[in-house]
Structure formats: structure tokens, C-alpha cells
Amino acid sequence: MRVLLIGANGYIGRFVADRLLADPAVQLTALGRGDDADVRFDLATGSPGALTRFLDAVHPQVVVNCAGATRGGARELTRHNTVAVATVCEALRRSGCGARLVQIGCGAEYGPSQPGSSTAEDAVPRPGGPYGVSKLAATELVLGSGLDAVVLRVFSPAGPGTPAGSPLGRLAEAMRRAMQSGDGELKLGGLGAQRDFVDVRDVARAVHAASLSAAQGVINIGSGRAVRLRDAAAILARVAGYGGALHELDGPPGALLRPAIGHPRADSDHAAPVAYPYPDGCGGWQQADVRTARDRLGWRPRINLEESLADIWMEAACRI
């Protein structure tokens with residue numbers, strides 16, 4: 001099976017590449033903006049025609065799109081998350097390769113949900129920020145393209161390679177600094193949010209399964225369980241062996257609190273604004289209904305949050 005992977009150097013893309021390369025039946029070609037891609041191409045600026053010619057030359061049976069941006073202004077997010085996907089869809093429609101498209105979506109497309117609820121694929125998306133809007137627009141382009149396509153809505157990925165700027169990455173970095181300095185207490189803000197964490201290696205397994213399946217439409221990829229960030233902090237302290245006290249300084253977005261996750265402690269007694277740890281527009285709660293992934297992909301998450309956090313900590317502890 002010839003697979004074209006777009007965004008192989010990204011957080012999710014690296015693990016998808018590893019998973020696909022481990023399948024001896026897969027012949028993988030990586031397309032991206034980096035020098036180490038098999039083919040260099042920028043979806044945000046490249047033309048659909050140029051991509052069509054490449055597709056006709058390589059003739060993949062599956063195209064997996066892991067490319068995109070999670071940070072930046074609305075224009076940048078739209079360019080990398082929406083315009084880029086429009087280029088992929090247009091090129092696939094023009095090409096004679098007939099490839100199946102596996103698009104990586106995100107849980108932020110749904111927006112806020114009721115505490116205690118599980119969000120299923122038939123929920124009406126109401127993204128609460130530009131990131132979710134840009135990803136939802138990409139999903140709508142894929143679903144309306146007429147292609148053989150599936151969108152995997154990944155909730156909160158965790159595990160090795162977690163970006164240092166993410167909530168769990170900032171949490172691990174704050175703990176590393178506290179242990180390095182011998183600080184017996186760690187003050188953290190914004191721990192009230194609850195998210196559905198899914199290990200990035202399980203996400204890669206889902207992508208592999210979706211590539212081989214005939215499933216179409218939207219499929220949620222998550223653990224099916226919301227975890228409060230303060231509970232994740234307690235697990236991380238245990239796996240890190242941090243014996244100090246965790247002091248929670250929680251509050252709503254925009255509240256005046258002492259240092260947020262990953263911010264150095266200030267010597268001054270003046271309060272500083274805390275950046276809300278989840279600027280994804282999803283409010284305080286998000287939990288995926290993952291029954292569709294089980295039924296249509298034969299997929300279930302295998303790696304628990306403690307293992308994911310242990311891997312995040314291992315990388316943070318090795319950081320100089």
C-alpha cells in the first residue's frame with residue numbers, strides 16, 4: 001500500500017510515520033516543508049496543480065494529512081489549517097490516483113460541552129476560538145469534497161514529544177524547575193480544566209486503522225474519560241518523585257493569580273495575570289464518546305495517562 005504522509009515532522013505526524021513504517025505492507029512517502037521530507041512542498045502556499053502532478057506521479061492509495069498549526073493568529077491558522085486542506089482536496093479531486101484521504105481533525109472543533117457529558121460525532125460543532133474554527137472549516141471541506149475520506153477528531157494528545165508550550169508540557173517544565181532548584185512547593189494556576197487525554201501513539205494506531213478501513217465521515221479519537229489537570233499534576237508529581245507541595249491557584253480565564261503553569265515564580269508579591277491553560281475555546285470540560293472508533297475502526301486506546309505522563313516527564317527531566 002502506497003501512503004503519502006503530509007506533516008511527518010509534526011507532533012502527531014512523527015508517530016504516524018513510525019507506525020506506518022513498522023507495517024511491511026506500507027510504502028511510505030513523506031511530503032512536508034522540512035529538509036528531511038522526501039518531497040518539499042508547502043500546502044499553505046503551493047498550488048493544487050503542482051500537488052496534483054506529484055500525486056499522479058507517485059499514485060498513492062492513501063493520503064494522510066497530519067500537517068497544520070496549533071498556534072498563531074486567525075490568519076495564520078486559517079492559512080495552515082484551512083487553505084492547506086483546500087489544496088489537498090482540490091489536488092485529490094484533479095488527480096487520477098483515487099487515493100483515500102485521512103485527515104487529522106481536533107476536539108476543539110466541537111467547542112464547549114456540558115460537564116459530565118460525552119461528545120459524540122453527531123454533536124453540533126460550536127468552536128470557541130480561531131483554532132477550532134480553522135480546523136472545523138477544514139473538516140467541512142473534506143466532508144464536502146466527494147472524496148473517499150475520513151476525519152479523525154483527536155482530542156488532547158499526550159505522551160512523548162508533547163510540545164513544551166502545551167499545558168502538560170508547561171506542567172512538566174514547572175516541576176523540573178522546582179526540583180532543580182530544590183523548591184519545596186510549586187504554585188500552579190489554571191488546573192481546573194478537564195480534558196480527554198489520549199496518547200499520541202494510540203492516535204497513530206488510529207490513523208493506521210483508518211488508512212486500512214472503509215470508514216468515512218468523522219470519528220472521535222480520545223480516551224473516553226475526562227481528567228482534571230490538577231489530577232494530572234498529582235500523577236506527574238508521583239512519577240517524577242517530586243515530594244513538594246502542590247498549591248493550586250485556580251480561577252477563570254483572565255483572573256489575577258500568581259504564576260501559571262510553566263511560568264517562573266515571581267519574587268514580588270504583586271499578582272500577575274495567569275494565561276488560561278487551555279486556550280482552545282472548549283471551556284472547562286471535554287470528553288469524547290469513542291464508540292464509533294471502536295465499532296468502525298476496531299480501535300481502543302491502550303496507553304494510560306500515567307504512562308503518557310511518565311514519558312513527558314522523562315523528556316522534561318533530560319532537558320538542560
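The structure is a predicted model, in which local features need pLDDT of at least 70 and side-chain atom pairs count only at pLDDT 80 or more, while totals for chains, interfaces and linings use all residues. Residues are numbered from 1 along each chain as its sequence is written, and side-chain values use heavy atoms, with hydrogens and water left out.

Some terms are needed at the outset. Helices (H or I, at least four residues) and strands (E, at least two) are DSSP runs, numbered from the N terminus. An axis is a line fitted to C-alpha atoms, for helices over the stretch in contact, and angles between N-to-C directions run from 0 to 180 degrees.

The first topic is the pair formed by helix 2 and helix 3. Helix 2 covers residues 48-58 and helix 3 covers residues 74-94; they pack at an angle of about 50 degrees, and their axes are 8 Å apart. Helix 2 is therefore oblique to helix 3 (angles under 35 degrees count as roughly parallel, over 145 as roughly antiparallel, 65 to 115 as roughly perpendicular and the rest as oblique). The crossing of these two helices is right-handed; a crossing has this name if the near helix is turned clockwise from the far one by less than a right angle, and is left-handed if the turn is anticlockwise. On the side of helix 2, Pro-48, Gly-49, Leu-51, Thr-52 and Leu-55 take part, and they meet Thr-87, Val-88, Glu-90, Ala-91, Leu-92 and Arg-94 of helix 3. Contact here means heavy atoms within 4.5 Å. By class, the contact of helix 2 with helix 3 has six nonpolar, three polar and two charged residues, where Ala, Val, Leu, Ile, Met, Phe, Trp, Tyr, Cys and Pro count as nonpolar, Asp, Glu, Lys and Arg as charged, and the others, Gly among them, as polar.

Helix 1 (residues 11-21) and helix 6 form another pair, packed at an angle of about 60 degrees with axes 8 Å apart. These two helices are therefore oblique to each other, and their crossing is right-handed. Helix 1 contributes Tyr-11, Ile-12, Phe-15, Val-16, Arg-19 and Leu-20 to the contact, and helix 6 contributes Val-200, Arg-201, Val-203, Ala-204, Arg-205, Val-207 and His-208. Nine residues of the contact of helix 1 with helix 6 are nonpolar, one is polar and three are charged.

Charged residues lead to the next topic. Side chains of opposite charge can pair when their charged atoms come close. The structure holds 14 salt bridges, each being a side-chain nitrogen of Lys or Arg within 4 Å of a carboxyl oxygen of Asp or Glu. One of them joins the side chains of Asp-311 and Arg-201, at 2.7 Å from N to O. This pair links distant parts of the chain, since Asp-311 lies in helix 9 (residues 305-317) and Arg-201 in helix 6 (residues 200-212), 110 residues apart. Asp-311 is partly exposed at a relative accessible area of 21%, and Arg-201 is partly exposed at 25%. On this scale, buried means under 20% relative accessible area, exposed over 50%, and partly exposed in between (1.4 Å probe, protein chains only).

Within helix 6, Asp-202 and Arg-205 lie three residues apart, about one turn of the helix. Their closest N and O atoms are 2.8 Å apart in a salt bridge, and both residues are buried. Asp-295 and Arg-294 also meet in a salt bridge, at 2.9 Å from N to O. Asp-295 is exposed at 55%, whereas Arg-294 is partly exposed at 34%.

Val-198 belongs to strand 9 (residues 194-199) and is buried, with a relative accessible area of 2%. Apart from neighbours within four places in sequence, Val-198 has contacts that include Val-154, Val-203, Ile-221 and Trp-299. Ser-213 lies in the loop between helix 6 and strand 10 (217-221) and is buried at 18%. With neighbours within four places in sequence left aside, Ser-213 is in contact with Arg-100, Arg-296 and Leu-297.

Most residues other than glycine have a negative phi. His-59, although not a glycine, has a positive phi of about 55 degrees. His-59 is placed in the loop between helix 2 and strand 4 (62-65), and its relative accessibility of 34% counts as partly exposed.
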